Amino acid sequence: MTQIETTTTPQAAPAPTHMRAPVPVQTRSERFTSTEVSDFPAVTGREPMWKYTPVARIQELTTGELDGSPYVYDVTAAKGVSTLWVGREDSRIGRAGQPEDRASANAWTAFEQALLVSISADLSGDRREVTLTRSALGSAPRAAHTVVEVAEGATATLILQNTGAAHLTENVEFLLGKDADLTVVSLQEWDDDALHVAAHFAELAEGARIKHVAITLGGGVVRLNPSAHLAGARSDAELLGAYFADATQHLEQQVYVYHDGPETRSRVTYKGALQGEGARTVWIGDVLIGPKAVGTDTYEQNRNLVLTDGARADSVPNLEIETGDIVGAGHASATGRFDDEQLFYLQSRGIPEEEARRLVVRGFLAEIVQQIGSPALQERLQAKIEAELETTSVTASAPSAGAEH
């Protein structure tokens, strides 16, 4: 049993009731949720969940009218996988989660039909691969809703491929049945001026497993918030991410893992690289171990490499524990430049300094890409990262800032 130590400090006398400010929500699970955009106040950028986001750049997605009609998509699916549009009254909509912010609620209010992806069980036990591509959304403000239902015992890899122009806010739900095993790869390869705000909700039954991989290499502002509710006993969530931000590009991830059932496990690893004036990345990781989640085993970490001056990475890990009967829990965060010893080792073997720096970055992000499990896709993404590195001249190393617990 892990022993959790606490310390106390003397407290000042409480202020009179009429002088007290509103008490902020202390536990992530107690945040206000609603599917109606009118229930949320206007976004100012001072709210805790919005304070790192360039809210003026995405205002049309938080306050404006959205086109919620069905859109054109391409799908390459194996046997036992189907897609169709379903009405808002479908009972599967809303089972995995509900909006915590105005952009998500705006999408929920506006969508007309949800795209349902159904993955049935396969008696052979083989992993099936499904690719859903969106490349013609256009630049008009749009809302979308997707539900992915994975049957009991089913095993599959779902690739959500996003390219082209987009001004999109959306919600994506993943419903995993007992012992289901789903790998989700969300690829953000948008045009340079694209806007994309997305909330991903996963609900895991007993013994279910999800690997959620978010790869963001394009877009002007991309804010992707994945959450996993480990409701069933012995469910397992692995949330991975890799991102590469260029000048003026804002890439943001707010990750939430809720350990609710007993003997659940999670691992969260996000890694990013930044280059160019005004490049900005944000990673916020929330892990909540609920009072019923005895035997929890969890760890989250975020690592960032700043390649040039003028770039900024924010990294905020959070861990809440409501039971002491756990296997382990921890988090880590680090932001810096290069390891001088790595560079010296490569240069001592005849590799020019500039190429050595590129090799370090390539290997840094490859740790995430190589866990996708699709060789063809991994090769394509490595080539994309290589192309990004060809456009930069990385700066000299500097001390890193970080913390581990």
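This is a predicted model: local features need pLDDT of at least 70, side-chain atom pairs count only at pLDDT 80 or more; totals for chains, interfaces and linings use all residues.
Colleague: Let's start with α5. How many residues does it have, and what does it reach end to end?

Modeller: Helix α5 covers residues 375-390, so to speak in 16 residues. From first C-alpha to last it reaches 23 Å, close to the 22 Å expected at 1.5 Å a residue.

Colleague: Which residues of α5 are buried?

Modeller: They are L377, Q378, L381, Q382, I385, E388 and L389.

Colleague: Where do the buried residues fall, seen down the axis of α5?

Modeller: Within an arc of 135°, so they line one face of the helix.

Colleague: What covers the buried residues of α5?

Modeller: The cover includes four strands you can look up: β6 (155-164), β8 (181-190), β10 (209-216) and β12 (236-245). Helix α4 (353-369) is included too.

Colleague: How many bridges join β12 to β14?

Modeller: There are 10, and the two strands run parallel.

Colleague: Which residue is the bridge partner of A242 in β14?

Modeller: That is K271.

Colleague: What about β14 and β16, parallel or antiparallel?

Modeller: Parallel, over 10 bridges, with β16 spanning residues 297-306.

Colleague: Which residue in β16 does A273 stand opposite?

Modeller: A273 stands opposite L305.

Notes:
Residues are numbered from 1 along each chain as its sequence is written. Side-chain values use heavy atoms; hydrogens and water are left out. The expected span of a helix is 1.5 Å times one less than its number of residues. Buried means under 20% relative accessible area, exposed over 50%, partly exposed in between (1.4 Å probe, protein chains only). The arc is that of the directions from the helix axis to the C-beta atoms. Contact means heavy atoms within 4.5 Å. Two strands pair if DSSP finds at least two bridges between them.
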